[in-house]
Amino acid sequence: MDQRQRDFVPVASSDEVERVERERAAKQEELKEQVKAITAERDKASGQDREELDKRLKSIEESIRILEAEPLPFETIYAVQEASDIGDAAIQIKGDPNKLGPVVPRRFLKVLGGETLDSRDPTSGRLQLAEWIVNPKNPLTARVAVNRIWLYHFGLPLVPTPNDFGRQGKPPTHPELLDWLATRFVESGWSIKAMHRLIMSSRTYRLSSLRSEEALSLDPTNVYLSSFPRRRLDAEAIRDTLLMLGDNLDLTPAGPHPFPHPKDWKFTQHNPFKAVYATNRRSVYLMTQRIQRHPFLAIFDGPDPAASTPLRITSTTPLQALYLLNDPFVHEQASRLVDRILQLGGSDIDRIQWAWRIMLSRPPEATELEQSLAYLERARQVLSESTSNDSVDQEAWRSWVRSMFRLNEFIYLE
């Protein structure tokens with residue numbers, strides 16, 4: 001209703017914040033004293049003098065309004081910080097803060113152990129909660145973590161309900177493996193990199209997605225991972241791959257988004273903030289809004305930003321194929337890749353083999369090489385009828401690259 005965000009936490013020391021707040025409060029008090037003095041003087045004046053005093057009064061009142069609306073001169077973030085008054089909370093009857101029940105001593109959930117804080121502890125208890133979460137005696141945290149790491153590598157988790165390890169969730173397909181991975185995770189010092197190496201160097205991860213007759217008969221749904229589960233790349237990986245092939249993926253960490261200044265925020269329920277900031281940085285740095293998905297991520301089943309998404313759906317829609325055919329972003333990356341291909345020199349065969357390796361991570365088979373050469377020759381013939389001779393070769397290669405982008409093998413992990 002007030003068109004501005006509240007409760008941002010300044011990224012500065014408390015002493016520095018207090019100093020700025022004191023200076024600002026003193027300035028506000030000084031301006032308010034001027035308002036009182038000028039108001040009293042104006043009430044006694046008349047004619048031209050009164051009009052001049054009115055103008056001065058409005059100017060000072062506007063300065064007060066601007067000062068009150070001006071955010072603190074620090075970078076601010078959404079975060080949690082210690083309150084000035086820390087204590088136990090009372091139960092709110094039916095959620096009504098005006099109807100308070102008994103005060104409940106601070107403690108962890110009974111279902112998760114029910115540990116309590118020392119009554120003499122002056123802190124909120126968040127540090128102790130964090131220490132309990134990563135306590136080696138607490139098996140749940142490590143299990144949840146390795147289950148998600150496994151999910152990101154295989155597309156399917158060991159526990160089919162990664163957001164629910166409780167009674168309403170589904171049991172793990174490989175309970176002994178889950179416990180073994182969780183134990184190794186804790187023993188490695190909670191090293192996610194070590195867990196990546198362990199999983200990716202396993203025989204299971206290196207299996208082909210091709211199913212043998214024995215695997216089909218014993219494990220028809222591949223729940224026991226008798227082969228690698230073929231899956232499509234996430235939306236973010238598809239975008240990053242296109243940028244990488246175009247040789248313009250910016251790997252540097254992203255800074256803040258160019259949001260409008262808070263004093264200019266005029267957003268309302270019917271005029272909400274909606275923006276898409278173009279960037280060549282990795283997709284992890286794309287701005288996420290709660291009220292809408294990024295237009296690219298929405299096409300390839302990116303997560304719903306307004307809800308927790310433990311498992312993404314994988315759809316196959318005409319819009320995805322049309323995007324890879326027609327979108328200016330795809331055309332731009334294809335053109336940039338063609339520039340790299342043509343700079344190589346050599347024969348068409350050499351160029352096709354190089355491009356095949358960087359796009360599909362393997363050399364082309366004899367039939368694929370033959371089909372690619374035939375495609376380029378036919379494309380040149382068709383384009384020569386409507387395109388200047390200087391750009392026929394370039395356009396033929398661009399057409400071939402875009403056709404490669406639309407192969408299942410390009411966006412699926414085999």
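This is a predicted model: local features need pLDDT of at least 70, side-chain atom pairs count only at pLDDT 80 or more; totals for chains, interfaces and linings use all residues.
Buried, here, means under 20% relative accessible area. Keep that cut-off in mind.

Confidence to begin with. The protein chain averages a pLDDT of 89. At least 70 is the score for 99% of the residues. Which elements sit at the two ends of the range of mean pLDDT? Strand 2, residues 76–77, has the lowest mean, at 84. Helix 6, residues 192–200, has the highest, at 97.

Now the overall build. The protein chain holds 15 helices and six strands. Its C-alpha trace spans about 95 × 65 × 35 Å along the principal axes. The radius of gyration is 31 Å, whereas a compact globule of 414 residues would come out near 22 Å. Buried residues account for 29% of the 414. Take contacts between residues at least 6 apart in sequence: 55% of them join residues at least 24 apart.

Surface and charge, quickly. The accessible surface is about 27200 Å², and carbon and sulfur atoms supply 53% of that. There are 55 positive and 59 negative charges in the protein chain. Their mean positions lie 3 Å apart.

Back to the tryptophan. Trp397 is in helix 14, which runs over residues 389–405. Is Trp397 buried or exposed? Its relative accessible area is 0%, which is under 20%, so Trp397 is buried. What does Trp397 touch, leaving out residues up to four places away in sequence? The list is Val338, Ile341, Leu342, Asp348, Arg351, Ile352, Leu376 and Arg380. For a sense of span, compare Glu52. Glu52 and Trp397 are 345 residues apart along the chain. Their C-alpha atoms are separated by 74 Å.

Helix 8 covers residues 235–245. Eight of its 11 residues are buried, so helix 8 is largely enclosed by the rest of the structure. Which residues of helix 8 are buried? Ala235, Ile238, Leu242, Leu243 and Leu245 are among them. So are the charged-type residues Glu236, Arg239 and Asp240. What covers these buried residues? The cover includes helix 9 (295–299), helix 11 (328–343) and helix 12 (348–360). Helix 14 and helix 15 (408–411) are also part of the cover.

Just after helix 8 comes Asp247, with a positive phi of about 60°.

Definitions and conventions. Residues are numbered from 1 along each chain as its sequence is written. Side-chain values use heavy atoms; hydrogens and water are left out. Helices (H or I, at least four residues) and strands (E, at least two) are DSSP runs, numbered from the N terminus. Buried means under 20% relative accessible area, exposed over 50%, partly exposed in between (1.4 Å probe, protein chains only). Contact means heavy atoms within 4.5 Å. The radius of gyration is taken over C-alpha atoms; the globule rule is 2.2 Å times the number of residues to the power 0.38. Accessible areas come from the Shrake-Rupley method with a 1.4 Å probe; for residues, only the protein chains shown count as cover. The place of a charge is taken as NZ of Lys, CZ of Arg, CG of Asp or CD of Glu. pLDDT is the predictor's confidence in each residue, from 0 to 100.
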